Amino acid sequence: MNTAAKLGSYILGLAVVFGGALGAGKVVGPVGAAPADEHAAMAAPAASAEHGEHAAQQAKSDTPGGLQVSENGYTLTSLTGAIKPGEPTDFRFTVTGPDGKPVTDYQVEHDKKLHFIVVSRDLSSFQHVHPEMTPEGVWSVELTL
(Lines give C-alpha, C1' and ligand atoms only; values in the text may rest on other atoms or scores of the structure.)
Protein backbone atom coordinates (compact mmCIF):
# COMPACT_ATOMS: atom_id res chain seq x y z
CA MET A 1 0.00 0.00 0.00
CA ASN A 2 1.48 3.38 -0.96
CA THR A 3 1.81 6.38 1.36
CA ALA A 4 -1.23 8.22 -0.04
CA ALA A 5 -3.47 5.18 0.47
CA LYS A 6 -2.21 4.69 4.04
CA LEU A 7 -2.78 8.35 4.87
CA GLY A 8 -6.25 8.26 3.30
CA SER A 9 -7.18 5.15 5.29
CA TYR A 10 -5.95 6.78 8.50
CA ILE A 11 -7.97 9.95 7.86
CA LEU A 12 -11.06 7.91 6.99
CA GLY A 13 -10.64 5.92 10.23
CA LEU A 14 -10.38 9.14 12.25
CA ALA A 15 -13.50 10.51 10.56
CA VAL A 16 -15.43 7.34 11.47
CA VAL A 17 -14.27 7.45 15.11
CA PHE A 18 -15.02 11.17 15.56
CA GLY A 19 -18.32 10.87 13.69
CA GLY A 20 -19.35 8.01 15.98
CA ALA A 21 -18.38 10.04 19.05
CA LEU A 22 -20.37 13.02 17.77
CA GLY A 23 -23.40 10.81 17.15
CA ALA A 24 -23.16 9.23 20.60
CA GLY A 25 -22.84 12.69 22.16
CA LYS A 26 -25.99 13.90 20.41
CA VAL A 27 -27.91 10.81 21.57
CA VAL A 28 -26.76 11.13 25.20
CA GLY A 29 -27.18 14.92 25.32
CA PRO A 30 -25.53 17.38 27.71
CA VAL A 31 -24.40 16.22 31.13
CA GLY A 32 -25.71 18.54 33.86
CA ALA A 33 -27.20 21.96 33.39
CA ALA A 34 -24.92 24.89 32.51
CA PRO A 35 -25.35 28.04 34.63
CA ALA A 36 -27.27 30.93 33.10
CA ASP A 37 -24.23 33.21 33.09
CA GLU A 38 -20.89 31.36 32.85
CA HIS A 39 -18.82 34.50 33.37
CA ALA A 40 -20.62 35.43 36.58
CA ALA A 41 -20.18 31.88 37.82
CA MET A 42 -16.40 32.15 37.44
CA ALA A 43 -16.38 35.07 39.90
CA ALA A 44 -17.11 32.89 42.93
CA PRO A 45 -16.86 34.76 46.23
CA ALA A 46 -13.68 34.39 48.25
CA ALA A 47 -13.89 31.89 51.11
CA SER A 48 -13.25 33.35 54.56
CA ALA A 49 -12.60 31.32 57.70
CA GLU A 50 -16.12 31.74 59.10
CA HIS A 51 -17.87 31.30 55.74
CA GLY A 52 -15.48 28.73 54.21
CA GLU A 53 -17.87 25.79 54.07
CA HIS A 54 -20.77 27.86 52.73
CA ALA A 55 -18.53 29.56 50.14
CA ALA A 56 -17.08 26.21 49.07
CA GLN A 57 -20.59 24.79 48.60
CA GLN A 58 -21.62 27.94 46.68
CA ALA A 59 -18.49 27.73 44.48
CA LYS A 60 -19.22 24.06 43.71
CA SER A 61 -22.78 24.81 42.64
CA ASP A 62 -21.65 27.79 40.50
CA THR A 63 -18.90 25.91 38.69
CA PRO A 64 -19.55 25.71 34.94
CA GLY A 65 -19.88 22.20 33.57
CA GLY A 66 -16.65 20.70 32.26
CA LEU A 67 -14.31 22.18 34.84
CA GLN A 68 -12.77 19.70 37.25
CA VAL A 69 -12.39 21.29 40.66
CA SER A 70 -13.00 18.28 42.90
CA GLU A 71 -12.00 14.64 42.81
CA ASN A 72 -11.67 11.88 45.42
CA GLY A 73 -12.45 14.29 48.25
CA TYR A 74 -9.85 16.89 47.23
CA THR A 75 -11.15 20.29 46.11
CA LEU A 76 -9.49 23.33 44.58
CA THR A 77 -11.11 26.49 46.01
CA SER A 78 -10.34 29.90 44.52
CA LEU A 79 -9.74 32.70 47.02
CA THR A 80 -9.59 35.30 44.25
CA GLY A 81 -12.63 37.12 42.90
CA ALA A 82 -13.15 38.03 39.26
CA ILE A 83 -10.04 38.22 37.08
CA LYS A 84 -9.99 40.94 34.43
CA PRO A 85 -8.60 39.83 31.07
CA GLY A 86 -5.16 41.20 30.25
CA GLU A 87 -4.42 42.41 33.80
CA PRO A 88 -1.83 40.62 35.95
CA THR A 89 -3.65 39.16 38.96
CA ASP A 90 -2.38 37.41 42.07
CA PHE A 91 -4.46 34.22 41.85
CA ARG A 92 -4.83 32.57 45.28
CA PHE A 93 -6.36 29.18 46.03
CA THR A 94 -6.33 26.25 48.42
CA VAL A 95 -6.57 22.52 47.89
CA THR A 96 -8.64 20.99 50.67
CA GLY A 97 -8.57 17.32 51.54
CA PRO A 98 -11.39 14.95 52.49
CA ASP A 99 -11.18 16.30 56.06
CA GLY A 100 -11.97 19.84 54.81
CA LYS A 101 -8.55 21.19 55.81
CA PRO A 102 -6.00 22.68 53.37
CA VAL A 103 -3.48 20.13 52.14
CA THR A 104 0.09 21.22 52.98
CA ASP A 105 2.13 18.02 52.51
CA TYR A 106 3.16 17.71 48.85
CA GLN A 107 5.80 15.61 47.14
CA VAL A 108 8.26 17.45 44.92
CA GLU A 109 7.99 16.45 41.24
CA HIS A 110 10.38 17.97 38.68
CA ASP A 111 11.76 20.37 41.32
CA LYS A 112 8.32 21.85 42.19
CA LYS A 113 5.58 21.04 44.71
CA LEU A 114 2.81 21.99 42.28
CA HIS A 115 2.51 22.27 38.52
CA PHE A 116 -0.62 24.34 37.84
CA ILE A 117 -2.00 24.29 34.30
CA VAL A 118 -4.43 27.06 33.29
CA VAL A 119 -6.23 26.45 29.98
CA SER A 120 -8.53 28.78 28.06
CA ARG A 121 -12.09 27.57 27.48
CA ASP A 122 -11.49 27.31 23.73
CA LEU A 123 -8.24 25.38 24.36
CA SER A 124 -6.29 27.87 22.24
CA SER A 125 -3.86 28.85 25.00
CA PHE A 126 -2.50 27.56 28.27
CA GLN A 127 -0.09 28.52 31.04
CA HIS A 128 2.07 26.09 33.01
CA VAL A 129 2.94 27.91 36.24
CA HIS A 130 4.40 27.00 39.62
CA PRO A 131 2.54 28.67 42.52
CA GLU A 132 4.14 29.21 45.89
CA MET A 133 2.46 27.88 49.05
CA THR A 134 2.21 29.53 52.46
CA PRO A 135 2.56 27.35 55.59
CA GLU A 136 -1.26 27.56 55.95
CA GLY A 137 -1.77 25.87 52.55
CA VAL A 138 -2.71 28.94 50.46
CA TRP A 139 -1.18 28.86 46.99
CA SER A 140 -0.42 32.05 45.05
CA VAL A 141 0.71 32.75 41.49
CA GLU A 142 0.54 35.77 39.18
CA LEU A 143 -1.69 35.12 36.16
CA THR A 144 -2.55 37.25 33.17
CA LEU A 145 -5.55 35.75 31.38
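The legends below accompany close-up views of a predicted model.

**View 1. Helix H1 and its two ends.** Helix H1 comprises 26 residues, running from residue 3 to residue 28, and its first and last C-alpha atoms lie 38 Å apart, close to the 38 Å expected at 1.5 Å a residue. At the start of H1, the side chain of Asn2 places an oxygen within 3.3 Å of the backbone nitrogen of Ala4. After the other end of H1 comes Gly29, which adopts a positive phi near 85 degrees.

View 2. Thr94 belongs to strand E3, which covers residues 89-96. With a relative accessibility of 9%, Thr94 falls under the 20% limit and therefore counts as buried. Leaving aside residues up to four places away in sequence, Thr94 is in contact with Thr75, Leu76, Thr77, Leu79, Gly137 and Val138.

**View 3. Pairing of strand E7 with E3 and with E6.** Strand E7, residues 138-143, pairs with E3 in the antiparallel sense, and six bridges connect them; within this pairing, Phe91 stands opposite Val141 of E7. Strand E6, made up of residues 132-133, is also antiparallel to E7 and is joined to E7 by two bridges, with Ser140 of E7 as the bridge partner of Glu132. The E6 and E7 strands form a hairpin that has four residues between them, and in its turn Gly137 has a positive phi of about 90 degrees. Gly137 is also among the residues that Thr94 touches, as is Val138.

**View 4. The loop between E3 and E4, at His110.** His110 is located in the loop that lies between E3 and E4. The phi angle of His110 is near 55 degrees, a positive value in a residue other than glycine. The relative accessible area of His110 is 68%, which is over 50%, so this residue is classed as exposed.

View 5. Strand E5, residues 126-129, runs antiparallel to E4, and four bridges join the two strands.

**View 6. The hairpin of E4 and E5, at Leu123.** Six residues lie between the strands of the hairpin formed by E4 and E5, and Leu123 is found in this loop. The phi angle of Leu123 is positive, near 65 degrees, in a residue other than glycine. At a relative accessible area of 67%, Leu123 lies over the 50% limit and is therefore exposed.

Methods: Residues numbered from 1 in each chain as written. Predicted model: local features only at pLDDT ≥ 70, side-chain atom pairs only at ≥ 80, totals over all residues. Heavy atoms only, no water. Expected span 1.5 Å × (residues − 1). Polar contact = N/O pair within 3.5 Å; in protein donor to acceptor, adjacent residues only side chain to side chain. Buried < 20%, exposed > 50% of the residue type's maximum accessible area, 1.4 Å probe, protein only. Contact = heavy atoms within 4.5 Å. Pairing = 2+ DSSP bridges.
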